[in-house]
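The following note sets out points for a colleague who is reading this model alongside its sequence.

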Amino acid sequence: DITALGTFTAKVFDVDSPLPMGTSNPDPEEMRDGFYPPFDGTDSNQEWATAHWDEFIVPDKGGEDWVGYEFASDHEFAGLLFQEGRLYGGLGGWWNSISVQVRRGGDWIDVPGAAAEPAYPADVFRTFELFEYRFDPIAGDGIRLYGIPGGSLQFVTIGELRVLAVPSVPVTAPTNYTATVEVT
């Protein structure tokens, strides 16, 4: 789904890696259910996690991981809302390095100028923290977070992953959007 600037049908990538693991919700649809778990939450059923155990699952993967969406046609992507899940001590749950990539013509490219607000700090943050990536619109038929997962088990957790895109039909009249504000 694409948030705030329009809604489009998307599918979560076919997952050869990442794979569900541990106590997290085994359904990758969890990361696009529209529910943002509370900051500092402890319910692992409100997240989806990836597994990357080279020697057991995908020996030729090279340590990289990704999570994102693919679409039936091109869209002008303008950002991502990424809510991290829980952290699991030194085992994992975070990215050691992370970038936003868009698929264009079948090739994945890094999105120029994509940076998180607040800045993504790897494993030193609260659980279920929300990071917003904004960048100049860039066309593609897929968008993902890509990088090296952290921890000894090399996995990341995702509470929610939403895509921001330029509407395919320009908004020329007042438009009603439902918003939720959580005050902590």
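1. In this predicted model, Arg 144 is placed over the face of Trp 108, at 4.1 Å from the ring centre. The strand that spans residues 107-110, E6, has the highest mean pLDDT among the elements of the protein, at 96.

2. Confidence elsewhere should be read with care. The average pLDDT of the protein is 78, and 77% of the residues score at least 70. Strand E1 (residues 2-3) has the lowest mean pLDDT of the elements, at 43. The pLDDT is below 50 over residues 1-20, yet this stretch has 69 contacts in the model beyond near neighbours in sequence. Residues 52-61 also stay under 50 in pLDDT, with 23 contacts beyond four places in sequence.

3. As to overall architecture, the secondary structure consists of nine strands and zero helices; from the N terminus on, the order of elements is β-β-β-β-β-β-β-β-β. Of the contacts with a separation of 6 or more, 78% join residues 24 or more positions apart. Buried residues account for 47% of the 184 residues. The accessible surface is about 9,100 Å², and carbon and sulfur atoms contribute 54% of that surface.

4. Phe 155 counts as buried because its relative accessibility, 4%, is under the 20% limit. A single aromatic cluster is formed by Phe 82, Tyr 120 and Phe 131.

5. Is Asp 65 buried or exposed? This residue of strand E4 has a relative accessible area of 0% and is therefore classed as buried, the limit being under 20%. Which side chain does the side chain of Asp 65 meet in a polar contact? The partner is the side chain of Thr 50, at 2.9 Å.

6. Pro 37 lies in the loop between strand E2 (11-12) and strand E3 (48-49). Its relative accessible area is 2%, so Pro 37 is buried. Leaving aside neighbours within four places in sequence, Pro 37 is in contact with Gln 46, Gln 83, Phe 128 and Gly 159. Pro 37 and Thr 127 are 90 residues apart in sequence, with their C-alpha atoms 9.4 Å apart in space.

7. Two features of backbone geometry may be inspected together. The peptide bond from Glu 117 to Pro 118 is cis, with omega near -5°, and Pro 118 is located in the loop between strand E7 (115-117) and E8. Phe 128 is also in the loop between E7 and E8. Although Phe 128 is not a glycine, its phi is positive, at about 55°. At 0% relative accessibility Phe 128 is buried, and this residue is among the contacts of Pro 37 described above.

Methods. Residues are numbered from 1 along each chain as its sequence is written. This is a predicted model: local features need pLDDT of at least 70, side-chain atom pairs count only at pLDDT 80 or more; totals for chains, interfaces and linings use all residues. Side-chain values use heavy atoms; hydrogens and water are left out. Buried means under 20% relative accessible area, exposed over 50%, partly exposed in between (1.4 Å probe, protein chains only). Rings of Phe, Tyr and Trp (its six-membered ring) pair if their centres lie within 6.5 Å; planes under 30 degrees apart count as stacked, over 60 as edge-to-face and the rest as tilted. A charge sits over a ring if NZ of Lys or CZ of Arg is within 6 Å of the ring centre and within 35 degrees of the ring normal. Helices (H or I, at least four residues) and strands (E, at least two) are DSSP runs, numbered from the N terminus. A polar contact is a pair of N or O atoms within 3.5 Å; within protein, one must be able to donate a hydrogen and the other to accept it, and residues adjacent in sequence count only if both atoms are side-chain atoms. pLDDT is the predictor's confidence in each residue, from 0 to 100. Contact means heavy atoms within 4.5 Å. Accessible areas come from the Shrake-Rupley method with a 1.4 Å probe; for residues, only the protein chains shown count as cover.
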